[in-house]
Amino acid sequence: MVLTLLSVRAAAALDDAAATATATAATAAAGTAPSAAASGAASAAAAASDAAVDANGQLEDRALQARFEQITKQLRCLVCQNESIADSNVELAADLRRQVREMLLAGKSDDAIFDFMTDRYGEFVRFNPPLERKTLLIWGAPFIMLLLGGAVVYRVARQRSRMPLDDEPAV
Amino acid sequence: MWKFLLPFAAFIALVVLFAFGLNPARDIHALPSPLIGKAAPEFTLADVLDPSRSVSNAAFKGQVYVLNVWGTWCGGCREEHPELLAIAQQHVVPIVGLVYLDDRVKAKQWLEQLGNPYEAVAFDNDGRTAINWGVYGAPETFLVDTHGQVIYKFISPVTQEIWNREFLPRIAAARRGGA
């Protein structure tokens, strides 16, 4: 499980450049995408109100707007995987932004919103996974690597210092 | 001794890691569903074929059923469609369709032109049902047991081979375990 998470994160890092390219393409396509326009009347209305809020980036309440931005930045868009739902233009991201906004307006806490998302999409939706037992290796890996590397450097340095310098000319 | 063994062990560890991480057969976009082992989210939505009627998965409670999420915009769904038709012909379990991010008229045309493998087809007009099921693409196929629990999720087109290998054993097990 942990190994899966690790390798997915590594893959995510490698894919980053590609994702940026796709994102640009998605943004370019969004204006003309027929599927977006073709949705039913109800979802078209919803999309219109979405666009209004998304375009202005404003909820009426400043504090709620700040939380909205924070939360949507920390949720992964599962269609394009390396983008947050704040940045993505795909319909699922718009639907999820609508969900976050509605929950904020209903007075839900940040934790409640993250729990709602992880209950449905798994821990993978969170760009910032909470520190708990099963994510310990992810959070600890950099420190473990640092320790291992440090130990190697230390050993090598000590061995070298004990060795005679054979490349110096004998006096 | 250590001098040779340590790098060798590190090498083996890397080989194992890469064999797993770079395996082309592993789809990194297929994510494990947190819904497995949990109650299937209920929905009551308009029927794609007749919007005056509604489709609810509550009607299938007590039996093993399949929920197939699809859309006319989805290439994989077109690929999957004839396979689903063949699978439906075998009458193993009811297949419920959920039309996702789509136009109802187009979905109806699709079923009229290509055939209808579904016992019932629900129209998710605002994506909320899909969010509840953790759907992030199409086709996605869920298997629900007699207790109304999601027991399996398959992402990407189902084929007869996948059906035989992944679904049939689970359906048989669910029926043995269930009432």
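Student: In what order do the 7 strands of the open sheet in chain B stand, and what is their pairing?

Tutor: In this predicted model, the order across the open sheet of chain B is β2-β1-β5-β4-β3-β6-β7, and the pairing is mixed. From one strand to the next, the twist averages 30°.

Student: What makes β2 and β7 of chain B stand at the edges?

Tutor: Strand β2 (54-56) and strand β7 (150-155) of chain B each have a single partner strand, so one side of each is left without a neighbour in the sheet.

Student: How do you know that β4 and β5 of chain B pair?

Tutor: Two strands count as paired if there are at least two bridges between them, and strand β4 (residues 95-100) of chain B is joined to strand β5 (residues 120-124) of chain B by 5 bridges, the two strands running parallel. One of the residues involved is B:G97, whose bridge partner in β5(B) is B:V121.

Student: Why is the link between B:C74 and B:C77 called a disulfide?

Tutor: The cut-off is a pair of cysteine sulfur atoms within 2.5 Å, and the sulfur atoms of B:C74 and B:C77 are 2.2 Å apart, so the pair qualifies. Over all chains, the structure holds 1 disulfide.

Student: Why is the disulfide of B:C74 and B:C77 called right-handed?

Tutor: The torsion about its S-S bond is about 90°, and the disulfide is therefore right-handed.

Student: Which residues of α2(B) and α3(B) meet?

Tutor: From α2(B) come B:C77, B:R78, B:H81 and B:L85, which meet B:W110, B:L111 and B:L114 of α3(B). By class, this contact has 5 nonpolar, 1 polar and 1 charged residues.

Student: What makes α4(A) and α5(A) oblique to each other?

Tutor: The axes of helix α4 (residues 62-73) and helix α5 (residues 91-105) of chain A cross at roughly 140° and come within 10 Å. Only over 145 degrees would an angle count as roughly antiparallel, and α4(A) and α5(A) are therefore oblique to each other. The contact includes A:L64 and A:F68 of α4(A), with A:V100 and A:L104 among the residues of α5(A); its residues divide into 6 nonpolar, 1 polar and 3 charged.

Definitions and conventions
Residues numbered from 1 in each chain as written. Chains lettered and ligands numbered in written order. Predicted model: local features only at pLDDT ≥ 70, side-chain atom pairs only at ≥ 80, totals over all residues. Heavy atoms only, no water. Contact = heavy atoms within 4.5 Å. Helix = DSSP H or I, 4+ residues; strand = E, 2+ residues; numbered from the N terminus. Nonpolar A, V, L, I, M, F, W, Y, C, P; charged D, E, K, R; others polar. Axes fitted to C-alpha atoms, helices over the stretch in contact; angles between N-to-C directions. Parallel < 35°, antiparallel > 145°, perpendicular 65-115°, else oblique.
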